[in-house]
Structures are given as structure tokens and as C-alpha cells.
Amino acid sequence: MTGQPMVKAEGVHKSYGAAHILRGIDLEVRSGEVFCLVGPSGSGKSTFLRCINHLERIDGGRLSVDGRLVGYRQQGERLYELKDSEVAAQRRDIGMVFQRFNLFPHMTALANVMEAPVQVKGETKAVARERAQRLLDRVGLSDRMHNYPSQLSGGQQQRVAIARALAMEPKLMLFDEPTSALDPELVGDVLDVMRDLAESGMTMIVVTHEMGFAREVGDSLVFMDGGVVVESGHPRDVLGNPQHDRTKAFLSKVL
Ligand SMILES: Nc1ncnc2c1ncn2[C@@H]1O[C@H](COP(=O)(O)OP(=O)(O)OP(=O)(O)O)[C@@H](O)[C@H]1O
Ligand SMILES: [Mg+2]
């Protein structure tokens with residue numbers, strides 16, 4: 001654990017038109033930790049992840065990743081918006097895995113994982129292929145590299161999506177309900193890959209309804225409702241001994 005948090009949110013606000021979705025999010029994600037984010041539908045979990053990745057811009061507060069403001073540069077007291085190319089460079093350090101796998105359907109698993117390093121970073125195909133093979137092996141798909149997404153199960157596709165995000169060598173991985181679109185028997189393999197990634201020291205923010213995973217693998221857990229952090233702490237404590245009525249009500253439905 002280093003001194004500087006990997007993600008720091010201070011009073012983060014976000015509205016869509018008149019709908020005030022994030023209402024002052026304060027939290028810190030330490031380097032190397034698995035940070036679980038739970039809360040009811042519509043509480044703003046995905047919106048917050050999208051702000052971290054600067055797919056959305058925040059309307060108030062401060063948000064930084066690895067000590068740098070997301071989307072802005074500070075000079076003295078003033079903030080200046082970054083250019084698109086600078087935003088893209090920031091985003092490159094952050095891997096994101098969604099509920100739906102969003103693989104390129106016309107490319108094999110191997111080509112999907114090779115694509116961004118070659119196209120975005122200008123890596124040679126040889127280097128990208130070597131890494132892609134290693135990553136697909138790591139997620140248990142060494143025998144599936146030449147399959148197209150349509151030839152893979154949902155769980156296998158999600159593991160390709162994780163390998164694809166890792167191919168950019170991110171310093172932070174965001175997972176937005178990575179297993180909730182999967183048949184129950186496919187969930188375990190994906191969680192195993194995430195557990196392995198956590199053990200390797202990756203900093204991970206995981207939005208999930210898998211409370212077993214949160215309890216076993218998580219270092220911190222935040223319960224969000226109505227665009228604010230209601231309660232946070234060690235997953236064992238928050239899940240085992242919730243302090244707020246809203247947390248209790250939510251957990252009674254999901255546990
Ligand atoms: N692009 C958008 N434009 C307008 N409203 C939006 C937009 N994206 C999200 N919202 C609204 O913001 C609120 C929070 O949505 P968000 O997707 O962050 O919730 P969530 O906590 O991820 O929920 P779920 O568990 O269902 O995924 C919802 O009321 C949603 O309708
Ligand atoms: Mg969501």
C-alpha cells in the first residue's frame with residue numbers, strides 16, 4: 001500500500017439535466033486494494049465508475065486517479081480542461097469490464113486482446129500477440145484463442161474481455177457487475193479470474209451483487225444509495241454488522 005490513494009473522490013456531484021444523481025461522493029481507494037461498491041439499482045454506481053474513467057464529466061467536487069485530476073489540470077487555483085488526446089491518455093491506464101462483454105464479433109479472442117495495444121499504443125503484432133497469448137492462458141482460455149465470440153460461452157467471453165482490458169497494462173481496473181449477465185454456473189470461473197487478479201496486487205473497483213466475493217476478496221466495501229455513500233468499511237463488518245437502516249434493508253434483499 002502506498003501513501004497516495006489510487007482514486008480519491010471529494011464531494012463529487014453529477015446531474016443528468018434536472019436529475020441530480022451523484023450528490024457528493026467522498027471515498028478513497030488505496031493502491032492495491034479491492035474496493036467493492038454495492039447499492040440498489042439507480043443509486044449511481046455505474047455513473048460513478050463512468051466518471052472515474054471520464055466517460056462522464058463531473059459537475060462539482062474533485063476526482064483524481066493516481067494523484068492526477070480526471071479530465072483537468074490544476075494551475076494555481078484554477079482548473080483547465082484537458083484536451084481530448086490528454087483525456088484519452090488518462091483513460092488508457094484504466095481498464096473497464098462491463099456487464100455485457102462488448103467484444104468485437106468479427107475478431108477471434110486473440111485478435112480482440114491484441115487490438116488495443118496495436119491500434120492505440122502502436123505495439124508490434126508480435127509483441128501484442130505474445131502478451132495476448134499469455135493473458136488468455138492466465139484467464140484459462142489457452143485452448144480458445146482462435147474462437148470467435150459467438151463460439152464462446154458468456155463466461156468465456158467475459159474472461160476474454162478481462163484479458164483485453166489487461167492487455168493495456170492498466171493501473172486500475174473497474175468492473176461493473178461483470179457476472180450479472182451470466183448463467184449461474186459460469187459465474188465462478190469469472191470470479192476466480194478476478195480473485196487471481198486481486199492476488200497479483202491489481203487495484204480494482206468492483207460493482208457487484210456477489211456478496212460472497214466481496215466478503216472473501218474485498219478489502220473495503222461501500223454501500224451507496226441515492227447518490228451518496230451511506231456506509232463503508234471492511235466488507236466483513238459492513239455485511240455482517242450494518243449500521244444504517246438503508247444498508248440493512250438492502251442487504252436483507254441480496255444476502
Ligand atoms: N446518460 C444518462 N442520462 C440520463 N440519466 C441517466 C443517464 N445514465 C444514468 N442515468 C440515471 O442515473 C441514475 C443512476 O444510474 P446508474 O446507472 O448510475 O445506477 P446504478 O447504481 O448503476 O444502477 P444498476 O444497479 O441498475 O446498474 C438512474 O436513475 C439513471 O436513470
Ligand atoms: Mg449500474
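Reader: Let's start with D66. Is D66 buried, exposed or partly exposed?

Author: Keep in mind that this is a predicted model. Buried means under 20% relative accessible area and exposed means over 50%, with partly exposed in between. D66 has a relative accessible area of 30%, so it counts as partly exposed. It sits in the loop between strand 4 (60-65) and strand 5 (68-69).

Reader: What does D66 touch, leaving out residues up to four places away in sequence?

Author: D66 touches Q4, P5, M6 and K171. Take Q4: D66 and Q4 are 62 residues apart along the chain, yet their C-alpha atoms are separated by 7.2 Å.

Reader: OK, now a contrasting case. Where is T247 found, and is T247 buried or exposed?

Author: T247 belongs to helix 9 (residues 245-254). Its relative accessible area is 1%, so with a cut-off of under 20% for burial, T247 is buried. Leaving out residues up to four places away in sequence, T247 touches F223, V230, E231, V238 and P242.

Reader: Let me try helix 4. Which residues are buried there?

Author: In helix 4, the buried ones are A128, R131, A132, L135 and L136. Seen down the axis of helix 4, they fall within an arc of 135 degrees, so they too line one face of the helix. Those buried residues pack against helix 3 (109-119) and helix 5 (154-166).

Reader: And how far does helix 4 reach from its first C-alpha to its last?

Author: Helix 4 (residues 125-138) has 14 residues and reaches 19 Å, close to the 20 Å expected at 1.5 Å a residue. Just after helix 4, have a look at G140, which takes a positive phi of about 80 degrees.

Reader: Zooming out, how many helices and strands are there in the protein?

Author: The protein has nine helices and twelve strands. Its radius of gyration is 18 Å, close to the 18 Å that the globule rule gives for 255 residues, so it is as compact as a globular protein of that length. The C-alpha trace spans about 50 × 45 × 35 Å along its principal axes. Buried residues make up 50% of the 255. Among contacts between residues at least 6 apart in sequence, 63% join residues at least 24 apart.

Reader: Which domain does UniProt place on this chain?

Author: An unreviewed UniProt entry places the feature "domain: ABC transporter" at residues 7-251. Over residues 7-251 the chain is 37% helix and 28% strand, with the end C-alpha atoms 26 Å apart.

Note on methods. Residues are numbered from 1 along each chain as its sequence is written. Chains are lettered from A and ligands numbered from 1 in the order in which they are written. This is a predicted model: local features need pLDDT of at least 70, side-chain atom pairs count only at pLDDT 80 or more; totals for chains, interfaces and linings use all residues. Side-chain values use heavy atoms; hydrogens and water are left out. Helices (H or I, at least four residues) and strands (E, at least two) are DSSP runs, numbered from the N terminus. The expected span of a helix is 1.5 Å times one less than its number of residues. Buried means under 20% relative accessible area, exposed over 50%, partly exposed in between (1.4 Å probe, protein chains only). The arc is that of the directions from the helix axis to the C-beta atoms. Contact means heavy atoms within 4.5 Å. UniProt positions are given in the numbering used here, feature names are shortened, and annotations may be inferred rather than shown by experiment. The radius of gyration is taken over C-alpha atoms; the globule rule is 2.2 Å times the number of residues to the power 0.38.
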